[in-house]
Amino acid sequence: MAAGLKTVILLSFVLAVGFLLIILSCALWSNWLPLLVALTFVVAPLPNALFSHCGSDDFSTENEGSGPVDLGRFITSLIVVTGFALPLILAHAEVIKPAACIMSIIGGGLVYGTILAYTAAFKQDTEEF
Amino acid sequence: MSLPRSNYDPRRVCLNPCPNLNIHLGKHRRTVGVYVAGGLFALAHWIFLDAAILSSHWKPPPDAPYDSAPVHVHFVDWIPGILSTLGMLIVNLIDKDRIKGEDYGDSRAVWRARLFLFIGFAFMAGGLAGSVTVLVIKYIVKNYPEEFTYYGYANVSQNVALMLSAVILWIAQSGPSDYEYNLSI
């Protein structure tokens, strides 16, 4: 249980650093458009979580996808690519500074990685029972 | 293994079966394919939106501050992307089992599936052709400098990426679940 507690503390720390980077990338230049990146990456795991219960029943194997599950995965990767592309495009059009773009991309990657790692860790914990 | 005996089977959507694509990416082939297709879909639209945002945020160079941009991204540039997206939607809304000829329905349903498959592919090809048309007529013929012809190239790459995304999604979803299964569209 101690390892689980350490993992949770570490993940929350990384999540805080990610949000710090995103908010700094907005606040340092007082241009709050990169905050959309945080919103995007928070929404990103939602379609998979919603649609993963749609397709699979007890008789189908795990890797055999169905229509709704595929739709969830499609929307997930769409949102993730959006999260990475949005700051790049804003920087390309010189709406935000390149430094803000890099900071928000790193922050968004940290936030999304935290969510993924938390999901994986949680899944392992439930399988042990 | 028995093939349909006649040279025309009315239950099949397409006469010629596709060659069996033996792409063995392991058991995660479907998952990876769907993820890649979604990423390409988003990438396509962001490439075009990049051009649109660049066009609307265009600033004159500092040595000639009163210049105006000779061309902007208008609704004409949006049409090929909309067509391609519609075509991709139509193609992917068709029931894959129906197309593979497993589900032996009545012949009218097969006829409808064939018709909508044709319409979907026609929309996608029309989008691609339209983007090339916009690139040539609106940008290349008029000899704009490179920063403006980029709008046209972005449009073409949007439609190419959309088509690639549809192809990858199709292959991922209709691949063989058994290895001796014949993939046929």
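## Chain B: the helices

Chain B has 5 helices and 0 strands, where a helix is a DSSP run (H or I) of at least four residues and a strand an E run of at least two, numbered from the N terminus. Read from the N terminus, the order is simply α-α-α-α-α.

This is a predicted model, so local features need pLDDT of at least 70 and side-chain atom pairs count only at pLDDT 80 or more, while totals for chains, interfaces and linings use all residues. Residues are numbered from 1 along each chain as its sequence is written, and chains are lettered from A and ligands numbered from 1 in the order in which they are written.

## Inside chain B

Of the 185 residues in chain B, 31% are buried (20 or more other C-beta atoms within 10 Å of the residue's own, with C-beta atoms placed from the backbone). Take the contacts in chain B between residues at least 6 apart in sequence: 78% of them join residues at least 24 apart. A contact here means two C-beta atoms, placed from the backbone, within 7 Å.

## Transmembrane regions

For chain B, an unreviewed UniProt entry puts "transmembrane region" at residues 32–55, 75–94, 115–141 and 153–172; such annotations may be inferred rather than shown by experiment. Residues 32–55 of chain B are 100% helix, with end C-alpha atoms 35 Å apart. Residues 153–172 of chain B are also 100% helix, and their end C-alpha atoms lie 28 Å apart.

## Where the chains meet

Here, 18 residues of chain A are in contact with 20 residues of chain B.

Technical notes
Buried ≥ 20, exposed ≤ 12 C-beta atoms within 10 Å, placed from the backbone.
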